[in-house]
Amino acid sequence: MATTTATITLDSADLLSDNLSLSATMNLNQGGTTATGLEQFRMERMVIPTGTQFDLIEATTAASEDANYMYIVNKNTDVTDYVIISIKDEVIGRLYAGDWMFFPWDADVVALDGNDSAVEAQAYTHDATLEYCLFHNGETRPTSDDS
Amino acid sequence: MATTTATITLSSSDLGDNALSISNSATLYTAGTDTGITETTGLARKKFATNSNTILLDHGLPGGVAQDVTANKSAKVYIKNINDRGDGTKFVNILLAEVEIGRLYGGDWMFIPWSGGSGKDIEFTAYDTTETTLEYAVFYE
């Protein structure tokens, strides 16, 4: 089994009247296990044009109702550029240039009002360069059309 | 203006054939600017013992922090499930406006941007009625 850790550090010397220094580390484990690490991941860098909402990661039956973790970073540098990240067409938030997010993901393929749990992204202001890494417990592969 | 940074490190020596090491640091700015965010809830802790859907950050609370977070502003939310992982069968579902984002098992954390607005509450539903503790912080403008 693999051991993968995710650590966040939140720091500020001047946001509050005292220093802010918060750190948390977690192991990326499979759901329903004490400490069995996730063994699969997918990493990609892409450029998405403005004007259209795309599925960044499609929902998949194999990973549904399990532990999956998603990291996304907007690699643009113009501070006015942002990407809206949504699930089931529900906007989570805006990822501005340089921003990253990390969250557990329920890869539910069961439609809710016609939407599955695909992670969706739409770029605003300029095309967006995104990098993501999905840590998961399996994906349902599409059958080849060429066989 | 304040300078607040959020840094993530993802690492593994055995997930793939080569070591995985991802690190990124973001300064928390107000929307579309390079001016630092100046408001925060600070770190908060909430205990609960219910498996009913519960609002963690209530946009509809008059004068509440969440009411300041709107779609065209910049806000970030940190949430951690403080419980022990145990056998890994217990978790807290995190939802946005009743749409499930994912499961936070004991010890897990998340950090996301948040576009608030009417009905855009951040909610949770625990696996069962075992006492669960969440810590959270909102950084906003």
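What follows is a working chat about a predicted model and how its two chains meet.

Trainee: Before we start, what should I keep in mind about numbering and confidence?

Mentor: Residues are numbered from 1 along each chain as its sequence is written, while chains are lettered from A and ligands numbered from 1 in the order in which they are written. Since this is a predicted model, local features need pLDDT of at least 70 and side-chain atom pairs count only at pLDDT 80 or more, whereas totals for chains, interfaces and linings use all residues.

Trainee: OK, how many residues of chain B are in contact with chain A?

Mentor: There are 50 residues of chain B in contact with 50 residues of chain A, contact being C-beta atoms, placed from the backbone, that lie within 7 Å.

Trainee: And which strand gives the largest share on the chain B side?

Mentor: That is E1(B), with nine residues, strands being DSSP runs of E with at least two residues, numbered from the N terminus. By residue class, the side of chain B that touches chain A divides into 23 nonpolar, 19 polar and eight charged, where Ala, Val, Leu, Ile, Met, Phe, Trp, Tyr, Cys and Pro count as nonpolar, Asp, Glu, Lys and Arg as charged, and the others, Gly among them, as polar.

Trainee: What does E1(B) pair with in chain A?

Mentor: Strand E1 (residues 4-12) of chain A runs antiparallel to E1(B), and nine bridges join them; pairing requires that DSSP finds at least two bridges between two strands. Within this pair, A:Ala6 stands opposite B:Leu10.

Trainee: Switching to B:Met110, what is it in contact with?

Mentor: Leaving aside neighbours within four places in sequence, B:Met110 is in contact with A:Phe102, A:Phe103, A:Pro104, B:Ile79, B:Ile94 and B:Leu104.

Trainee: Now the open sheet of four strands in chain A: what's the order?

Mentor: The order is E4-E9-E6-E7, with antiparallel pairing. Strand E4 (54-57) and strand E7 (90-96) of chain A stand at the edges with a single partner strand each, so one side of each is left without a neighbour in the sheet. E4(A) pairs with strand E9 (residues 119-124) of chain A over three bridges, and A:Phe54 has A:Ala121 as its bridge partner.

Trainee: Is A:Lys88 buried or exposed?

Mentor: A:Lys88 counts as buried because it has 23 C-beta neighbours inside 10 Å, whereas A:Asp89, with 14 other C-beta atoms within 10 Å, is partly exposed. A residue is buried if 20 or more other C-beta atoms, placed from the backbone, lie within 10 Å of its own, exposed if 12 or fewer, and partly exposed in between.

Methods
Two residues are in contact if their C-beta atoms, placed from the backbone, lie within 7 Å.
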